[in-house]
Amino acid sequence: MRGVALGLLVLAAVVFLLTLHRDGWLGYAHAAAEAAMVGALADWFAVTALFRHPLGLPVPHTAIIPERKEALGRSLEEFVTTNFLTEDNARERLQGAGVSRRVGEWLADPGNSARAVDGAAGPLGRGLGRVADEDVRAFAEDVLLPRLGREPVSPVAGRLLEAVVADRAHHGMVDLLVGELAGWLRTNERTVARVIRARAPWWSPQWLDDRVVERVQLEVVGWVDDVRDDPRHPAREALDRLLAELARDLQHDPSTMARAELLKEHLLAHPQTGRTLVAVWDAIRVVLLDALGDPDSALRQRAQAELVGFGEQLASDGELQQRWDARVADVGARLVRSYGRELAGVISLTVDRWDGREAARRIELHVGRDLQFIRINGTVVGALVGLVLHLVTQLG
């Protein structure tokens with residue numbers, strides 16, 4: 001493009017010399033060529049002055065980019081921060097980008113969900129493996145247990161127990177315990193008989209003790225069987241009423257609440273509590289590490305299935321997309337608000353590290369082609385203006 005602009009200037013100079021002191025239509029050509037050279041030289045000076053001193057002469061207000069690159073970098077940074085990296089722009093752009101729909105469509109592909117789970121399994125496994133027992137124990141004893149000690153546990157436990165009783169979620173545990181008790185009574189008849197016989201008076205005859213023990217044991221086993229087999233057994237209903245009353249007392253009775261808090265303090269202060277938490281964590285960690293390391297484990301298969309299901313729902317549910325897009329937009333806006341100026345600061349830092357001449361060269365490589373069009377346009381416009389002025393002179 002420099003060659004084209006220079007070629008037009010040379011052409012204007014040749015026409016100017018060939019039409020020197022000519023009249024008629026050659027006079028018009030002479031005037032146009034003269035004005036074209038003026039326009040071409042003026043625009044050449046303007047374009048060149050941005051990047052270097054024209055002809056190496058230190059003319060004031062030339063070589064603007066090399067001389068003022070720091071100020072230009074800061075101005076560009078301020079311009080980008082003020083006009084582009086704004087909360088409103090970020091929120092509008094993210095909301096209109098359909099991020100949630102795209103993520104949903106990507107996750108709906110089982111292959112993509114499998115890659116996501118595989119990619120997360122490795123870092124999670126390595127992270128779990130690096131957690132030392134000492135760190136877990138320190139966290140439990142220094143953070144978790146003191147925090148639990150400060151929080152009242154009885155209202156929470158009461159509400160939880162109330163929900164369990166209302167949903168009858170404890171019935172499965174009752175069935176398990178009663179079933180185990182019935183089995184234990186049948187397989188430990190001698191133990192049960194010994195316990196019952198220990199309560200007999202010293203003066204009763206042996207044959208009477210045996211008959212009483214046999215009868216009591218039979219009634220106990222039968223009663224336990226009735227409780228096991230009858231979901232509406234009075235004992236079960238009594239247990240439900242007891243648990244419901246305990247749930248209310250844990251939330252509203254000061255005496256029960258105080259006893260619950262005292263029990264909590266004793267449990268938390270016991271030395272075994274911290275060791276138990278570490279042991280539980282170790283057991284959970286071993287299970288998780290095995291599951292994360294096995295591509296065919298139930299955990300990873302379930303995670304893949306859940307991701308596929310979530311992706312399908314996200315890709316098809318417009319209301320869900322709107323909610324997630326709004327969240328993404330809010331997160332993006334907060335990031336821009338908090339870190340937008342730091343991000344834009346990369347501009348000025350980068351420009352500051354550039355050498356002045358190197359900065360001018362890089363910028364010229366990006367915009368120089370368009371700037372050469374200014375020289376070309378100046379040559380053409382100058383020629384037209386010269387032609388018009390010569391016409392006005394001739395008419396005058």
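**Figure 1. Asp225 and Arg228 are joined by a salt bridge in this predicted model.** The closest N and O atoms of Asp225 and Arg228 are 3.6 Å apart; a salt bridge here is a side-chain nitrogen of Lys or Arg within 4 Å of a carboxyl oxygen of Asp or Glu. Both residues sit in helix α12, three residues apart, which is about one turn of the helix. Helices (H or I, at least four residues) and strands (E, at least two) are DSSP runs, numbered from the N terminus. Asp225 counts as buried because its relative accessibility is 11%, while Arg228, at 34%, is partly exposed. For these words, buried means under 20% relative accessible area, exposed over 50%, and partly exposed in between, with a 1.4 Å probe and protein chains only. Salt bridges that share partners link Arg186, Asp225, Arg228 and Asp229 into one network. Across the structure there are 14 salt bridges.

A word on how to read these views: residues are numbered from 1 along each chain as its sequence is written, and side-chain values use heavy atoms, with hydrogens and water left out. Since the model is predicted, local features need pLDDT of at least 70 and side-chain atom pairs count only at pLDDT 80 or more, whereas totals for chains, interfaces and linings use all residues.

Figure 2. Glu219 is partly exposed, with 43% relative accessibility, and Arg215 is exposed, at 51%.

**Figure 3. The largest nonpolar core brings together 11 residues.** A nonpolar core is a set of buried Ala, Val, Leu, Ile, Met, Phe, Trp, Tyr and Cys residues joined through side-chain atoms within 4.5 Å. Members of this one include Val174, Leu185, Ile196, Val213 and Val221. Three helices, α10 (171–187), α11 (189–197) and α12 (206–229), each supply at least two residues of this core. Apart from this core lies another, of seven residues, among them Leu9, Ala12, Ala36 and Met37. In soluble globular proteins, nonpolar side chains tend to be buried together. Looking at one member, Val221 touches Leu185 and Arg186, not counting residues up to four places away in sequence; contact means heavy atoms within 4.5 Å.

**Figure 4. Helices α6 and α16 cross at roughly 140 degrees.** Two packed helices are described by the angle between their axes and the distance between the axes. Here, the axes of α6 and α16 (residues 298–316) come within 7 Å. Axes are lines fitted to C-alpha atoms, for helices over the stretch in contact, and angles run from 0 to 180 degrees between N-to-C directions. The two helices are therefore oblique to each other: angles under 35 degrees count as roughly parallel, over 145 as roughly antiparallel, 65 to 115 as roughly perpendicular, and the rest as oblique. Among the residues making the contact are Ser100, Arg101 and Glu105 of α6 and Leu307, Phe310 and Glu312 of α16.

**Figure 5. Leu94 is found in helix α5 (residues 87–96).** Leu94 is partly exposed, at 24% relative accessibility. Leaving aside neighbours within four places in sequence, Leu94 is in contact with Val99, Val328, Ala329 and Gly332. Leu94 and Leu11 are 83 residues apart in sequence and 53 Å apart in space, C-alpha to C-alpha.

**Figure 6. The loop between α9 (154–166) and α10 holds His170.** His170 counts as buried, at 9% relative accessibility. Setting aside neighbours within four places in sequence, His170 is in contact with Val164, Val165, Asp240 and Leu243. Arg168 lies in the loop between α9 and α10 as well, and is exposed, with a relative accessible area of 55%. Although Arg168 is not a glycine, it has a positive phi of about 55 degrees.
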